[in-house]
Amino acid sequence: MEGAFFPYHEDVEKDELMWSCVESTLFPSISMAQCSIVFHPEYDISFFGLEKYHPFDAAKWGNVYRLLEEWGLVSPSTVVHPEEATHRDLLIAHTPRYLSSLYSPCVCARIFEMAFLCIMPYYFTNKYLLRKMRLHVGGTVAACRLALERNWAINLGGGFHHASSNAGGGFCVYADITLAVRMLLTLNLVKKVVILDVDAHQGNGYERDFIGDSRVFILDIFNPKIYPRDAKAEEAISRMVHVDADTPTDRYLEMLDDNLETVLGEFEADLIVYNAGTDSLQGDPLGRLQLTPECIIKRDELVFQAARDNATPIAMMTSGGYQRSNAQVIAESIKNLHTRGLIQLKAAPPPSPRPHHHHQQQHPAPAPAQVPKR
């Protein structure tokens, strides 16, 4: 990532940071009838059909939800709909200068790698792109908070790990992971956090934000031969695992299992933030790894099982993944977590059938019996 980076703490006073966290509306309330799946119907990106020319499947998140709903695992009333992150919320993670730069269409064009955005007025980029990303941010914050209540939560979106306090890139405009973790730490809801990132790309955004922060342990498993190759951000990685196209699936799962067991055994975390990108799926043009769908499903199962074994709440984001088949794999993985009893999904019962009244033929009442005369 290019550009000058600097600690966010220099820009906002600590008391203002605290009040921004306290007064935020991003922490959701949840009823017993709901499960901690976080999703908003407006997650998907639709930009006059132009999104079809982008490598990212802009309908991935909605497709995951629709599959879970078709399988009877969730329903509109049982998932949690997040709030959109406000400007004040975003200042918890970002500098004012960076947020102001997003008014420039060419800045958004660079971040989203969509050249035509340079000619689009801010009204359109805000309505069709930025607002939706702010909903994803709200989803990540909600999932991290809900995980502390329910032991697990899954945001069907989010995981924009290339965005940092004062820069964006790689389709990532807002630093949702930084914002969520910073809110929980500021409010003393957690003292230590593990960020486990298995997206094929290095999570350089939040890594730059947490350089030197001993409260955050970062385990990043990524392909070093692809974007972003950020040596500065690597300073924040507590445990770094390199994988590439030659890494067999069984070896990949073994490395994941061994490293996660070691980390959770040594670092007593209050929360695992799990950035579960599926751009590591075989055939992905940007991730350039060769993991099978079965490996992805087993990967998520191993992570959630480790969280349970260590009694550590876990919040998952779906992060990167650029093929049309990703939604199916993500949905199958979530279904497997439910089947294994590692999460508990809920769907509202179908409405009771309305009673069907049959019109019966009316028969005249029988005449009263004649009493014989004496």
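## Helices α6 and α7

Helix α6 (residues 122-150) packs on helix α7 (residues 176-186) with the axes 9 Å apart and at an angle of about 40°, where axes are lines fitted to C-alpha atoms, for helices over the stretch in contact, and angles run from 0 to 180 degrees between N-to-C directions. The two helices, α6 and α7, are therefore oblique to each other (angles under 35 degrees count as roughly parallel, over 145 as roughly antiparallel, 65 to 115 as roughly perpendicular and the rest as oblique). On the α6 side the contact (heavy atoms within 4.5 Å) is made by Val137, Thr140, Val141, Cys144, Arg145 and Leu148, and on the α7 side by Asp176, Ile177, Leu179, Ala180, Met183 and Leu184. By class, this contact of α6 with α7 comprises nine nonpolar, one polar and two charged residues, with Ala, Val, Leu, Ile, Met, Phe, Trp, Tyr, Cys and Pro counted as nonpolar, Asp, Glu, Lys and Arg as charged, and the others, Gly among them, as polar.

## Basis of the description

This is a predicted model, in which local features need pLDDT of at least 70 and side-chain atom pairs count only at pLDDT 80 or more, while totals for chains, interfaces and linings use all residues. Residues are numbered from 1 along each chain as its sequence is written, and side-chain values use heavy atoms, with hydrogens and water left out. Helices (H or I, at least four residues) and strands (E, at least two) are DSSP runs, numbered from the N terminus.

## Helix α10

The 17 residues of helix α10 (residues 293-309) should span 24 Å at 1.5 Å a residue, and its end C-alpha atoms are 24 Å apart, which agrees; the expected span is 1.5 Å times one less than the number of residues. Among the buried residues of α10 (under 20% relative accessible area, with a 1.4 Å probe and protein chains only) are Arg299, Asp300 and Glu301, as well as Leu302, Val303 and Phe304. The buried residues of α10 pack against several elements, including β2 (152-155), β3 (193-197), α9 (249-266) and α11 (326-339). Alanine 311, which follows α10, has a positive phi, near 55°.

## Helix α11 and its contact with α2

The buried residues of α11 include Asn326, Ala327, Ile330 and Ile334, and their cover includes β1 (37-38), α2 (60-70), β2 and α10. The axes of α2 and α11 come within 8 Å and cross at roughly 45°, and these helices are therefore oblique to each other. Lys60, Asn63, Val64, Leu67 and Leu68 of α2 make the contact with Asn326, Ala327, Gln328, Ile330, Ala331 and Ile334 of α11. Seven nonpolar, three polar and one charged residues form this contact of α2 with α11.

Notes. Buried means under 20% relative accessible area, exposed over 50%, partly exposed in between (1.4 Å probe, protein chains only).
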